[in-house]
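Subject: Structure for you to look at

Hello,

Here is the structure I promised to pass on. Please open it alongside this message; my notes follow below.

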Amino acid sequence: MKVRYRWVILAFLFSAMLINYMDRAALSVAMPFMTKDFALSPTEKGLIFSSFFIGYALFNVVGGVLSDRIGPKRVFSWSMALWSVFCGATAGVFGVGSLFAVRVLFGMGEGPISATANKAVHSWFPLGERARAIGINQAGGPLGGALAGPVVGFLALTTGWRTAFVVVAVLGLAWTLAWHFVAADDPRTSPHVSAAERAEILDGAAPPSPSARPVPLSALLRRPVIFVMAFSLFCCSYNQFFFLTWFPTFLVDAKKLSLSQMSVVASVPWLLGALGYIMGGVLIDAVFRATGRRLFSRKAVLVLFLALGGACVAGAGSVETATQSVTLMSVAVCFIMLTSTAYWALIQLVVPGEAVGGASGLMHGLGNVSGIVGPALTGWIVQDLGGYAAAFHVAGGLAVAGALSVAFLVRDAAAERAGHLTAALPRP
């Protein structure tokens, strides 16, 4: 039986996310080694962790808008090439200032990935498969994070931490070359898609109007529901970035694990996170099939599991042993990453198709301001306030707040009102 080509596209999206998180998590795994080389304080480490998100959050929006205008194939190619180059450039840093600058540029390269992937899924998958496809795509992230622990840890211990950044950069450049020959922006224009698969993907959807134009950013800014979702994503992402940046250091500093032990143990939550992403997509599609309620299926999964994940994060900082902390954090990461699928599936319902990239980028960019605020704030809390326990409690409390905002402020009528955005399109 011939493989449907949309699953080939999804395999590339999955592997892009895997490499993306290997690159991103490499710094947190290498940070204990870099701390020795550069004598970094907790506050300096927090600022370096945050520097990535300055470029990343801005280019979430830029990448999303560009994916609507020039298509995900070209946006992905430029994005992956740029972040791979700057990941490799991390090997040449010589102090806090150069590391800060390279991480900002690295974040700019990675910024477009999630919004562009969401645009690609919207174009390549029918409604009934989209949440599952989003979940599989996003699952590559935590698997990349899981690989980063043993791979980067092994390379850092045996050949030095600088070599690790060069190795993952080469992976990204190899992916870019393959993507150039395989990808297409739309199944309607791909020579690899059969007529039968094209009909499956369209599933009764009307072809795009020749006169349709991308929705302007000003129209998206007038949609309150996008800002509610962005706030909730801020709270969710704060927890993801708290885990991504500070949890390995917490295991070394507070739980007294060796660097080699940390490199292996820190991978466990990532593996459960990958399972969470896949479970989120499958669960959303199952609830949708059972109820026929598109918005409810996404909202219910998001609210329930984000609140549960926040409770687990808060507990992970208060328990006695490293085993207990890793266990609670693993469950938390599974639940929080399970909810992440719902954000990308939900945004597809509240805006028209020609605005999915821009709206996804706006939501993601605002949500990822947490990456600028969170790691630096955590460093300040650890150094000057209540220590690691207080930092865990702040992160968990924000997750609960994000769940409540979606529960009470994202209404079932939001999807039906999406047509108002179409009216904001400039007339030809």
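How are H2 and H3 oriented to each other: oblique or parallel? First, a caution: this is a predicted model. Now the pair. The axes of helix H2 (residues 42-70) and helix H3 (residues 72-89) come within 7 Å. They cross at roughly 140 degrees. Angles over 145 degrees would count as roughly antiparallel, and 65 to 115 as roughly perpendicular. H2 and H3 are therefore oblique to each other.

The H2 side of this contact consists of Gly63, Leu66, Ser67 and Ile70. On the H3 side they meet Pro72, Arg74 and Val75. By class, that makes four nonpolar, two polar and one charged residues.

**Helices H16 and H17**

Helix H16 spans residues 369-384, and helix H17 spans residues 387-409. Their axes come within 7 Å and cross at roughly 145 degrees. The crossing is right-handed. H16 contributes Thr378, Ile381 and Val382 to the contact. H17 contributes Gly387, Tyr388, Ala390, Ala391 and Val394. The contact of H16 with H17 has six nonpolar and two polar residues, and no charged ones.

Apart from neighbours within four places in sequence, Thr378 is in contact with Tyr238, Phe242, Trp246 and Ala391. Lys45 is 333 residues away from Thr378 along the chain, yet their C-alpha atoms are separated by 9.9 Å.

**Salt bridges around Arg6**

Side chains of opposite charge can pair when their charged atoms come close. The structure holds seven salt bridges. Which residues are linked in a network of them? Arg4, Arg6, Glu129, Glu197 and Glu200 are.

Take the partners of Arg6 in turn.

- Glu129: its side chain meets that of Arg6 in a salt bridge, at 3.0 Å from N to O. Glu129 sits in helix H6 (residues 127-158) and Arg6 in helix H1 (residues 5-38), 123 residues apart. Both Glu129 and Arg6 are buried.
- Glu197: the closest N and O atoms of its salt bridge with Arg6 are 3.4 Å apart. Here helix H8 (residues 195-202) is linked to helix H1, across 191 residues. Glu197 counts as buried, at 6% relative accessibility.
- Glu200: its salt bridge with Arg6 has its closest N and O atoms 3.0 Å apart. Glu200 lies in helix H8 and Arg6 in helix H1, so this pair ties together parts that are 194 residues apart in sequence. Glu200 is partly exposed, with a relative accessible area of 31%.

Why does Arg6 count as buried? Because its relative accessibility is 2%, and buried means under 20%.

**Two more residues to check**

Gln138 lies in helix H6. Is this residue buried or exposed? At 5% relative accessibility, Gln138 counts as buried. Setting aside neighbours within four places in sequence, Gln138 is in contact with Met17, Ser114, Tyr277 and Trp344.

Leu259 is in helix H11 (residues 259-265). Leu259 is buried, with a relative accessible area of 18%. The cut-off matters here: buried means under 20%. Beyond its neighbours within four places in sequence, Leu259 is in contact with Pro32, Phe33, Lys36 and Val252.

**Where to start**

I would open the Arg6 network, which includes Glu129, Glu197 and Glu200. Then turn to the right-handed crossing of H16 and H17. Finish with the oblique pair, H2 and H3.

Best wishes

Conventions: Residues are numbered from 1 along each chain as its sequence is written. This is a predicted model: local features need pLDDT of at least 70, side-chain atom pairs count only at pLDDT 80 or more; totals for chains, interfaces and linings use all residues. Side-chain values use heavy atoms; hydrogens and water are left out. Axes are lines fitted to C-alpha atoms, for helices over the stretch in contact, and angles run from 0 to 180 degrees between N-to-C directions. Helices (H or I, at least four residues) and strands (E, at least two) are DSSP runs, numbered from the N terminus. A crossing is left-handed if the near helix is turned anticlockwise from the far one by less than a right angle, and right-handed if clockwise. Contact means heavy atoms within 4.5 Å. Ala, Val, Leu, Ile, Met, Phe, Trp, Tyr, Cys and Pro count as nonpolar, Asp, Glu, Lys and Arg as charged, and the others, Gly among them, as polar. A salt bridge is a side-chain nitrogen of Lys or Arg within 4 Å of a carboxyl oxygen of Asp or Glu. Buried means under 20% relative accessible area, exposed over 50%, partly exposed in between (1.4 Å probe, protein chains only). Angles under 35 degrees count as roughly parallel, over 145 as roughly antiparallel, 65 to 115 as roughly perpendicular and the rest as oblique.
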